[in-house]
Protein chains: 2
Amino acid sequence: MDILRTTRALQSRADAVRADGRRIGLVPTMGALHEGHLALVDAARARADDVVVSIYVNPTQFNAGADLEAYPRTVETDLAACEARGVDAVFLPGDDQLYPEGAETWVDLSEITRPLEGVSRPGHFRGVATVVTKLFIAAKPHVACFGEKDYQQLALIRRMATDLGFDIDVVGVPTVREPDGLALSSRNVRLSEEARRQAPVIARVLDAAESAVASGERRCEALLHGVRTELAKAPLAEIDYAELRTADALAPVDAVLEGPTLLALAVNFPAEAGGTVRLIDNRVLETSQS
Amino acid sequence: MDILRTTRALQSRADAVRADGRRIGLVPTMGALHEGHLALVDAARARADDVVVSIYVNPTQFNAGADLEAYPRTVETDLAACEARGVDAVFLPGDDQLYPEGAETWVDLSEITRPLEGVSRPGHFRGVATVVTKLFIAAKPHVACFGEKDYQQLALIRRMATDLGFDIDVVGVPTVREPDGLALSSRNVRLSEEARRQAPVIARVLDAAESAVASGERRCEALLHGVRTELAKAPLAEIDYAELRTADALAPVDAVLEGPTLLALAVNFPAEAGGTVRLIDNRVLETSQS
């Protein structure tokens, strides 16, 4: 497994792989790899000959310096996990590679960054769009895989790739879950014991909404009322947002009509160390043709 | 000479050229080609095996719809000029190729866009940075050539290419001038007859500043006083700005010290059809090592 620490080295390697007629698959991560990330590796492997994982804790997508400092860094374990999963190359850039001295160029999107996560995390998506653009330029992939758990991020990257004209296939990979339904996240270990017991309520709420749509419910108000009622059964769960939006542009909707509709949730739970852990999850609701 | 009208076709062609081990040189233009543009073609030819000229009047870099409408469009003549100069391919995209429906992604820089042209053309450089990023992604060049006449644009594109990590050599090409010193520009034909006679004063002012620095003058105030005094000899010339700044980041300076210093001018002259024509020009002042 190759380990590359500079953008130029990664680009030279990409040029050589492409000259061989081989397809490159990129999996951008911030490290602290879990089975969710490794499912992205498998998805890239299925679509490419050469799988590159980038590990970079991107400072510009954090709102608070403390969060950036606290972000788990487990590079040795991550490299071992990549090696074991058959990754071909890992990109491990220093800050100077992605933000050279005096850097002042930003990639920003407008509408799609505003709702949901954008409300409580100003500037977050500007950081994401900027670093993913740089990773696309550095890795020159044919395909790039992102988790559906961070749905708004995936939608934003699809939009960015279309708008900037990247000839890169942006693939969304289904969320990996614990046996009790909780979506994998590096944040889960920070939940208090009782919060961890209650957290799977989120997945149950999404299942219930899906069932309601399958049974013919189309009204957002009714669906969101159901979400709140179900979540209230977990006394530690404190809802941040629950919204229904179009699945591509994340525009508001009044009802689940034709075309996929996103149900997105953010829920706070008590952290073991005090404070809260904010969990997000989502489901794309489809009305079956009848 | 190939003519390509879609981003995907240009990218496929670029992949094939690169697979052959040939270097691609890009010359981005808005058409209305004159000898200044063709000097960019020659510069690209000297550095690449395959020269691609893009012709696209980018709507997002115009401040007023009327300016966009009035911009000269001479595609047939431009294509003939490219063919005669040995260009390998011309990229002629429609708006939908560079701004797909619903496009909302912008590439923006901060400090370098603010002074000089940025003062009177808000949003102009955001449009430039966005479209050049898209052209870089579409054309996949090894080298891209831009005129030094639009010095701030060149500095911005260098900064953007460094920040985003493009492995593209951004080359600045010296300004091509009329025999009387006036920098070539598609705007020159709009000057009134008497304004055209007086316009070479700009080049004489730049020459004089260069001579003053060669003679030991370092003080900005003295140099700018000289600029204003010389320009005043052309009664139709109305100065918009005259500034000295660092040649890379365009930061303010108090004196011409070590390192290259930019002297940038914008001057208004009467247009034949009424109104004014705004001409820009510049000189990079170097203090010789003594």
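The model is a predicted one, in which local features need pLDDT of at least 70 and side-chain atom pairs count only at pLDDT 80 or more, while totals for chains, interfaces and linings use all residues. Residues are numbered from 1 along each chain as its sequence is written, chains are lettered from A and ligands numbered from 1 in the order in which they are written.

I then checked A:Leu109, which stands opposite B:Thr105 in strand 5 of chain B. For the terms, I took helices (H or I, at least four residues) and strands (E, at least two) as DSSP runs numbered from the N terminus, and I counted two strands as paired if DSSP finds at least two bridges between them.

Buried is 20 or more other C-beta atoms within 10 Å of the residue's own, exposed is 12 or fewer, and partly exposed is in between, with C-beta atoms placed from the backbone.

I listed the contact between the chains: 29 residues come from chain A and 29 residues from chain B. Contact here is C-beta atoms, placed from the backbone, within 7 Å. On the side of chain A that touches chain B, helix 1 (7-19), strand 5, helix 7 (124-139) and helix 8 (151-164) each supply at least two residues.

I turned to the open sheet of chain B, where three strands stand in the order 8-9-10 with antiparallel pairing. Strand 8 (238-246) and strand 10 (276-285) of chain B are at the edges with a single partner strand each, so one side of each has no neighbour in the sheet. Strand 8 of chain B is joined to strand 9 (residues 261-270) of chain B by eight bridges; I noted B:Val267 in strand 9 as the bridge partner of B:Ile239.

Last, I looked at B:Ala46, which is in helix 2 (residues 35-47) of chain B. B:Ala46 counts as exposed because it has 12 C-beta neighbours inside 10 Å. I also noted 9.1 Å between the C-alpha atoms of B:Ala46 and B:Gly25, which are 21 residues apart along the chain.

Methods. Two residues are in contact if their C-beta atoms, placed from the backbone, lie within 7 Å.
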